[in-house]
Amino acid sequence: MTDYAMQLNERIDDLQCKGYRLIQNTACFCFGMDAVLLSSFAKAEKGQQVLDLGTGNGVNPILMHAKNPGAHFTGLEIQDTSYSLAVRNVELNGLGEEIEMVHGDIKEAKLLFCGKLFDVVTSNPPYMTEKHGIVNPDSAKAIARHELLCTLDDVIGAAADCLKVRGRFYMVQRPKRLVEIFSVMGKHGLEPKRMRMIHPYSDKPSNMVLIEAVKGGRTQLDTEPPLIVYNRDGSYTEELLKMYNGDQYEK
């Protein structure tokens with residue numbers, strides 16, 4: 001696809017927090033609820049260094065900056081178009097001093113950052129391991145949804161490599177992969193410390209899970225009350241609305 005054709009697919013969305021906006025390309029993977037949930041669940045203190053693995057168009061660092069204005073954020077993205085969007089989104093919002101983007105592979109993160117260690121690492125990795133039924137495995141959407149360029153082990157391993165001891169890793173994933181997630185985290189020296197299940201409706205099974213792990217942490221897992229996305233009439237719950245309308249960003 002040519003650069004001109006890619007631009008025809010672009011739109012600018014209002015993130016509804018601090019006046020920030022986001023250039024999105026409909027030919028790529030546009031951010032969804034999981035990015036809002038992750039950026040609300042993850043925490044960063046003033047002066048801390050934060051790395052977002054597989055940052056896509058940069059939405060997570062931008063949303064996290066709105067909530068954690070004293071921290072510095074770095075996004076790592078392998079896909080050319082998504083990386084370009086991320087750089088432009090940082091420029092669009094005037095955040096060049098607070099957020100930087102790096103073009104590269106998650107599997108090479110340790111080398112890319114020359115051993116630099118971060119206080120916090122976040123990731124919204126591909127959910128699906130299944131590769132059958134993919135019409136175009138090279139498409140941006142397929143790469144974002146399926147483990148075509150990196151696996152869960154690659155992401156968690158990179159997070160562990162890039163974290164300081166006692167540093168925190170935050171991720172959003174599917175609950176059906178929890179056993180695998182905990183196993184891989186243990187393999188890389190990350191201890192799950194906090195977890196929250198996301199349910200579409202109060203009477204439906206969870207379809208997303210938010211996890212916080214600590215590098216070199218002690219064994220203890222706290223589970224937070226579940227987050228319900230929709231009321232019975234299909235409208236967003238009050239808590240979800242606060243995440244979308246920016247109430248939680250007020251300091």
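Analyst: Buried means under 20% relative accessible area, exposed over 50%, and partly exposed in between, with a 1.4 Å probe and protein chains only. Helices (H or I, at least four residues) and strands (E, at least two) are DSSP runs, numbered from the N terminus. This is a predicted model, where local features need pLDDT of at least 70, side-chain atom pairs count only at pLDDT 80 or more, and totals for chains, interfaces and linings use all residues. Residues are numbered from 1 along each chain as its sequence is written, and side-chain values use heavy atoms, leaving out hydrogens and water.

User: How many residues of helix α3 are buried?

Analyst: In helix α3 (residues 59-67), 9 of the 9 residues are buried, so the helix is largely enclosed by the rest of the structure. Among them are Pro61, Met64, His65 and Lys67. Across the chain, buried residues make up 49% of the 251 residues.

User: How many aromatic pairs are there?

Analyst: Rings of Phe, Tyr and Trp (its six-membered ring) pair if their centres lie within 6.5 Å; planes under 30 degrees apart are stacked, over 60 edge-to-face, the rest tilted. The whole structure has 4 such pairs. One of them joins Phe41 and Tyr170 edge-to-face, at 5.9 Å centre to centre and 85 degrees between the planes. Phe41 lies in helix α2 (residues 33-41) and Tyr170 in strand β7 (residues 163-173), so the pair ties together parts 129 residues apart in sequence. Both Phe41 and Tyr170 are buried.

User: Which residue has its charged end over the ring of Phe41?

Analyst: A charge sits over a ring if NZ of Lys or CZ of Arg is within 6 Å of the ring centre and within 35 degrees of the ring normal. Here the charged end of Arg194 sits over the Phe41 ring, 3.8 Å from its centre.
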